[in-house]
Amino acid sequence: MRKHKKKIVFIILFCFIVLWGCRYVVLNDGFQIKHQLEHQYYELGEIAPMEDNMCLGKQYYKDLAISVDAFEIVDADEYISRLGKTEEDFSLLVPDKIAEATITIYNNDTEQQGVYFSSLQLVGTDWYEYFNREFTAYANDIFEDNVETSYGIIILPKDNYTVKVVFNMFQRGCPDARWQNIEKEDIYIQTTIRPVSKYIKVQ
């Protein structure tokens with residue numbers, strides 16, 4: 001009798017495992033795998049089209065494309081000096097370092113389009129940072145030091161424009177040894193987040 005019960009329990013357990021396995025495969029094939037984010041990577045100087053992908057802030061720039069032409073990490077104090085400014089010229093918290101990205105934005109449409117710099121983010125191996133509108137305003141003549149206009153830029157039809165977008169870099173909890181060698185790490189600018197997540201490797 002006990003052997004018979006054990007056999008029934010084993011059969012039920014085996015059937016449960018088989019059904020669970022089938023359900024797992026079906027769900028992964030029908031939902032998870034098909035909806036996994038695709039990642040695309042570009043190099044410095046390569047043009048990354050935005051296409052039908054969402055950016056940060058739920059923005060879409062279907063007919064725009066971006067290339068990063070140059071990239072540099074600088075101590076904030078040194079960069080402020082280059083700009084001919086002092087810390088008193090900044091109302092926002094001044095970061096420890098800044099990352100200056102020279103970016104060209106291409107408009108492939110027949111209508112003018114704008115792009116918000118907040119749609120882009122600087123990404124490391126385990127960290128990310130956002131653009132700084134004050135540094136960006138002071139780094140580009142087009143904004144004439146007006147931080148109220150440095151949120152983004154409008155590109156004319158079938159035209160392109162090169163602009164310097166400046167990102168914050170705060171040390172926070174980063175160990176000193178790693179922080180002093182941050183320029184040696186892999187760093188990217190993420191241009192879109194889904195369904196295709198696009199990254200431009202800047203160093």
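**Gln-171 and its surroundings in a predicted model**

Leaving aside neighbours within four places in sequence, Gln-171 touches Asp-96, Asp-176 and Trp-179, where contact means heavy atoms within 4.5 Å. Gln-171 sits in the loop between β11 (160-169) and α4; helices (H or I, at least four residues) and strands (E, at least two) are DSSP runs, numbered from the N terminus. The relative accessible area of Gln-171 is 19%, so this residue is buried; the term buried stands for under 20% relative accessible area, exposed for over 50%, and partly exposed for values in between, with a 1.4 Å probe and protein chains only.

The model is predicted, so local features need a pLDDT of at least 70 and side-chain atom pairs count only at pLDDT 80 or more, while totals for chains, interfaces and linings use all residues. Residues are numbered from 1 along each chain as its sequence is written, and side-chain values use heavy atoms, with hydrogens and water left out.

The whole chain comes next. Four helices and 13 strands make up its list of elements. Of its 203 residues, 42% count as buried. Among the contacts with a separation of 6 or more, 70% are between residues 24 or more positions apart. The average pLDDT, the predictor's confidence in each residue from 0 to 100, is 87 for the chain, and 83% of the residues score at least 70. Over residues 22-34, however, pLDDT stays under 50, and the model has five contacts beyond four places in sequence for this stretch. Where pLDDT is low, the predicted coordinates should not be read in detail.

Trp-127, Phe-170, Gln-171, Arg-172 and Cys-174 are the closest to the pocket's centre among its 13 lining residues. On a 1 Å grid over the protein atoms alone, a pocket is an open set of points where a 1.4 Å probe fits, with protein on both sides within 12 Å along at least five of seven lines, whereas a cavity is a set from which the probe cannot get out; lining residues have an atom within 4 Å of a point. By type, the lining has seven nonpolar, two polar and four charged residues; here Ala, Val, Leu, Ile, Met, Phe, Trp, Tyr, Cys and Pro count as nonpolar, Asp, Glu, Lys and Arg as charged, and the others, Gly among them, as polar.

Arg-172 lies in the loop between β11 and α4. This residue counts as exposed because its relative accessibility is 61%. The backbone of Arg-172 has a phi near 45 degrees, a positive value in a residue other than glycine. Lys-158 likewise has a positive phi, near 55 degrees, and belongs to the loop between β10 (152-155) and β11. With a relative accessible area of 59%, Lys-158 is exposed. Another backbone feature is the cis peptide bond between Arg-194 and Pro-195, with omega about 0 degrees; Pro-195 is in the loop between β12 (188-192) and β13 (196-201).

Two side-chain pairs deserve a look. Lys-97, in strand β6, has a relative accessibility of 9% and therefore counts as buried. Its side chain makes a polar contact of 2.8 Å with that of Asp-75, a polar contact being a pair of N or O atoms within 3.5 Å; within protein, one must be able to donate a hydrogen and the other to accept it, and residues adjacent in sequence count only if both atoms are side-chain atoms. Beyond four places in sequence, the residues touching Lys-97 include Ile-73, Phe-167, Trp-179 and Glu-183. Ser-91, by contrast, is exposed, at 64% relative accessible area, in the loop between α2 (76-82) and β6 (97-107).

Finally, Leu-120 occupies the loop between β7 (113-116) and β8 (121-123). Leu-120 counts as buried because its relative accessibility is 2%. Apart from neighbours within four places in sequence, its contacts include Leu-56, Ile-103, Phe-167 and Ile-189. Leu-120 and Gly-57 are 63 residues apart in sequence, and their C-alpha atoms are 9.4 Å apart in space.
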